[in-house]
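Good morning, colleagues. Please look at the model as I bring it up.

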Amino acid sequence: MNIMTLLKRIALGLLALIAASAALLAIEYFGGQPMGLFSGSRPDGLGFNNGQFKPPSWKPNAVSSTIDKSDVKHYIAPLAFPGDAATAWSKLVATVKKQAGATIIKEQPDYLHAEFKSAGIGFVDDVEFALDANNKIVHVLSASRLGIRDFDVNRKRIENLRTQMTF
């Protein structure tokens, strides 16, 4: 086989790979029922235990209010509220339910787990909230399931919720 034939076969193989990838992305984006190619799996260890969420990984694609403030890449302040904790919690739950792409997975009187699915490709982030009524705060954790960087999507989500929460 000569070099030109080999190069043509390699080029055709790459073209087929690109076409297949484009087709999968088009199905995911335009196909009505997404296939969940970019949703990832629900992580183990979700929940609020002993005043903490599971610490985020080394990846800069998560924020948490229960880690040390010196970890500026991952730390975010909890949501503070005045007044009655039950009222604040109800407002938070209602606000989360109104968010685009949000699905409530677990709802308890002091804990909420929601999945946020991005438009288009369908990346899924896990977002947890835990009510600390004594300190008048809601702890938060927002983390991407896939990828390394999230371009501050999780931080912006929590700050957007903070802005929407007019207690």
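This is a predicted model: local features need pLDDT of at least 70, side-chain atom pairs count only at pLDDT 80 or more; totals for chains, interfaces and linings use all residues.

Let me begin with aspartate 125, which is buried, with a relative accessible area of 8%.

What does aspartate 125 form a salt bridge with? The partner is arginine 157, and the closest N and O atoms of the two are 3.0 Å apart. Is arginine 157 buried or exposed? Its relative accessibility is 14%, and because buried means under 20%, arginine 157 counts as buried.

I turn now to a second pair. Glutamate 115 forms a salt bridge with arginine 42, with a distance of 2.7 Å between the closest N and O atoms. Here too, distant parts of the chain are linked: glutamate 115 sits in strand S4, residues 111-117, and arginine 42 sits in the loop between helix H1 (3-30) and strand S1 (62-64), 73 residues apart. As for accessibility, glutamate 115 counts as buried at 14%, whereas arginine 42, at 46%, counts as partly exposed.

Which residues are linked with this pair in a network of salt bridges? The network comprises Arg42, Glu115, Asp126 and Arg145.

Arginine 162 forms a salt bridge with glutamate 159, and their closest N and O atoms are 2.7 Å apart. Both residues are in helix H3, three residues apart, which is about one turn of the helix. Arginine 162 is partly exposed at 25% relative accessibility, and glutamate 159 is partly exposed as well, with a relative accessible area of 33%.

Finally, a word on confidence. The mean pLDDT of the protein chain is 89, and 89% of its residues reach 70 or more. Over residues 27-35, however, the pLDDT is below 50, and this stretch has 14 contacts in the model beyond near neighbours in sequence.

Thank you for your attention.

Terms used
Residues are numbered from 1 along each chain as its sequence is written. Side-chain values use heavy atoms; hydrogens and water are left out. A salt bridge is a side-chain nitrogen of Lys or Arg within 4 Å of a carboxyl oxygen of Asp or Glu. Helices (H or I, at least four residues) and strands (E, at least two) are DSSP runs, numbered from the N terminus. Buried means under 20% relative accessible area, exposed over 50%, partly exposed in between (1.4 Å probe, protein chains only). pLDDT is the predictor's confidence in each residue, from 0 to 100. Contact means heavy atoms within 4.5 Å.
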